[in-house]
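Have the structure open beside you and take the points in order.

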Amino acid sequence: MKRKKKILIILTTGILLLMIAGVLGGIKLYRVHKAHQCGIVLAFDDYNPQNWEKYFDLFDQYDAKVTFFVCCGEPTDFCYHAAERGHEIGFHTINHVDLLALSEDEVYEQAIAPIEVFREKGFELTSFAYPKGSYNEELNELLLQHYKVLRGAWSYELVSKYQMRNGFVESLSIDNIHYNSDEEFEKAIDVIMAELDKNVGAVVGLYSHAIDGGNWCVTEERLEYVLKKAHDMGIQFYTFKELQEN
Ligand SMILES: [Zn+2]
């Protein structure tokens, strides 16, 4: 009887240990998978709340979290709605001004002072997009004292997630004006996705302004092409803030 009990205890302990090892192994695998996962940091700039909000369901459908770089003096209803849906509110100056044309006081007023206004209303602004992609090293130095990531607007840049934690990163416009046809757009996206797929843990910034047929917008069809293709290839959508906290 005693012997049977002993065997039972040994067996139970063994099974328990195996289960713990399995769980720990699973967690480790999950972490490795997360670190290796490549992604897209999709953003919309300026301020088109009605248009943007209309597409919240489409973003959800593809599990896409987006960063909205807003131009406004304080958080609006849109900002709260977007945050509730898991999107990030980033900043883009109050009046969409070219920071290179401003005095230091004006830069403070347009790009730095609003951080406190937003903070008082529950928003921690940590990502900033330069209006017109207009910046220099001095601006980077100044703004990085207040923001974690500064985003440019002029080119395609494949970076590691680590680079997205702090500093300046470029971003590629997917606005209609840059592509002559849907075919050309899709080809460009295919190249980007293939590059992402080849580079472990890489991310790329893409942005537009609204979802529409205008020059500085992306059509719904093109946006859905990006969302679907990424989804099908297992490429994740990240907000800027998510990567800063990683
Ligand atoms: Zn802008």
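**Notes on the predicted model**

1. Let's begin with Ile10. With 10 C-beta neighbours inside 10 Å, this residue counts as exposed, because the limit for that class is 12 or fewer. Ile10 belongs to helix H1, which covers residues 2-36. Please keep in mind that you are looking at a predicted model.

2. How far apart in space are Ile10 and Gln110? Their C-alpha atoms are separated by 68 Å, while in sequence the two residues are 100 positions apart.

3. The division into domains is worth a look next. The protein chain is split into domain 1, residues 1-36, and domain 2, residues 38-244. Between the C-alpha centres of domain 1 and domain 2 there are 44 Å.

4. Now for a pair of helices. Two packed helices are described by the angle between their axes and by the distance between those axes. For helix H7 (residues 182-198) and helix H8 (residues 220-233), the angle is about 25° and the axes are 11 Å apart. H7 and H8 are therefore roughly parallel to each other, since angles under 35 degrees fall in that class. The crossing of H7 with H8 is right-handed.

5. Which residues make this contact? On the H7 side they are Asp182, Phe185, Glu186, Ile189, Met193 and Asp197, and on the H8 side Glu221, Arg222, Tyr225, Val226, Lys229, Ala230 and Met233. Sorted by class, the contact of H7 with H8 holds seven nonpolar and six charged residues, and no polar ones.

6. Most residues other than glycine have a negative phi. Thr93 is not a glycine, yet its phi is positive, at about 75°. You will find Thr93 in the loop that runs between strand E3 (88-91) and helix H5 (104-120).

7. Lys132 sits in the loop between strand E4 (127-129) and helix H6 (137-143). Lys132 is partly exposed, because 13 other C-beta atoms lie within 10 Å.

Technical notes:
Residues numbered from 1 in each chain as written. Predicted model: local features only at pLDDT ≥ 70, side-chain atom pairs only at ≥ 80, totals over all residues. Axes fitted to C-alpha atoms, helices over the stretch in contact; angles between N-to-C directions. Helix = DSSP H or I, 4+ residues; strand = E, 2+ residues; numbered from the N terminus. Parallel < 35°, antiparallel > 145°, perpendicular 65-115°, else oblique. Left-handed = near helix turned anticlockwise from the far one by under 90°. Contact = placed C-beta atoms within 7 Å. Nonpolar A, V, L, I, M, F, W, Y, C, P; charged D, E, K, R; others polar. Domains from an automatic or database assignment. Buried ≥ 20, exposed ≤ 12 C-beta atoms within 10 Å, placed from the backbone.
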